[in-house]
Amino acid sequence: LPNGGRAECNIIFACPQSDNAPFNTAFSSWIKEPAVVFFEDTGQNAVFFSYIENLFYSNLKKETAAVKQTSKNSVPFNVALDIEVKRMCEKKTHVTYRQDWIYYSATGIRTEIIKERTFSKATGENLRWADVINPKKKLQFNKILIDALGPYFGVRDLENMKAKLTDGSTVTQQNFPLPAEGPCLEQGGLRVIYALGEICSSQTGQPSALIPYSAISSCMTSAAKKIIK
């Protein structure tokens with residue numbers, strides 16, 4: 001870069017090899033979701049890692065322009081994109097993947113996006129909360145979830161957590177929001193992870209918790225119990 005900084009693109013991935021078109025389309029679309037946050041959306045539906053790498057280098061024009069506008073005496077920053085995609089858990093009918101994107105801009109701003117999803121191998125559809133948690137047991141599950149999220153926010157109860165949530169004054173145990181991404185099945189339990197800005201400010205990061213299956217067994221649907229066997 002003009003100021004002596006470097007540009008780096010590092011991609012580590014364990015991608016599924018499947019002839020199932022619906023699954024491949026769903027997985028590729030999911031990979032694209034963070035890409036459009038960092039780079040301009042070209043409208044292409046299927047996104048692969050070579051394409052993302054090209055987006056990174058195309059975006060360097062903007063980063064170079066930002067560098068030229070800074071003072072010559074400023075500390076040089078590297079422009080870097082680090083992506084890791086890995087398989088977290090695989091069962092007979094479903095598979096869970098996690099993607100972690102970290103981007104460092106020429107102005108020194110760091111942005112991280114973590115996404116995790118459990119896919120149906122047959123259809124590519126992601127698990128819904130109703131597929132895993134019995135609707136009649138939602139209140140019981142919410143109480144367990146709130147306790148599990150407490151350490152992330154540094155609190156011990158919902159009342160103190162409300163101050164850290166967006167519109168926390170309206171949040172109750174009954175209506176506590178669940179991640180729109182859906183539940184994620186991992187080997188050690190149920191992963192709950194919220195998107196940036198979903199329930200709290202982006203500066204707070206992405207609240208996440210891993211809840212052992214033994215803790216929520218009484219809340220789970222019979223179909224979900226079969227999946228995790």
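1. C184 stands opposite R191 in strand β6. The model is predicted: local features need pLDDT of at least 70, side-chain atom pairs count only at pLDDT 80 or more, and totals for chains, interfaces and linings use all residues. Residues are numbered from 1 along each chain as its sequence is written, and side-chain values use heavy atoms, with hydrogens and water left out.

2. Strand β5 runs antiparallel to β6 (residues 189-193), and 3 bridges join them. Strands here are DSSP runs (E, at least two residues), as helices are (H or I, at least four), numbered from the N terminus; two strands pair if DSSP finds at least two bridges between them.

3. An open sheet of 3 strands has the order β5-β6-β7, with antiparallel pairing. Its edge strands, β5 (184-186) and β7 (208-211), each pair on one side only. On average, neighbouring strands of this sheet are turned by 25° against each other, direction ignored. Axes are lines fitted to C-alpha atoms, for helices over the stretch in contact (heavy atoms within 4.5 Å), and angles run from 0 to 180 degrees between N-to-C directions.

4. Across β6 and β7 lies helix α4 (residues 138-153), which runs at about 125° to β7.

5. Strands of a sheet pair through backbone hydrogen bonds, either parallel or antiparallel. Strand β1 (residues 7-13) is parallel to β2 (residues 79-90), the two being joined by 7 bridges. In this pairing, E8 stands opposite A80 in β2.

6. Strand β2 also pairs with β3 (residues 94-104), in the antiparallel sense and over 10 bridges. Here D82 stands opposite I102 in β3. The two strands, β2 and β3, form a hairpin with 3 residues between them.
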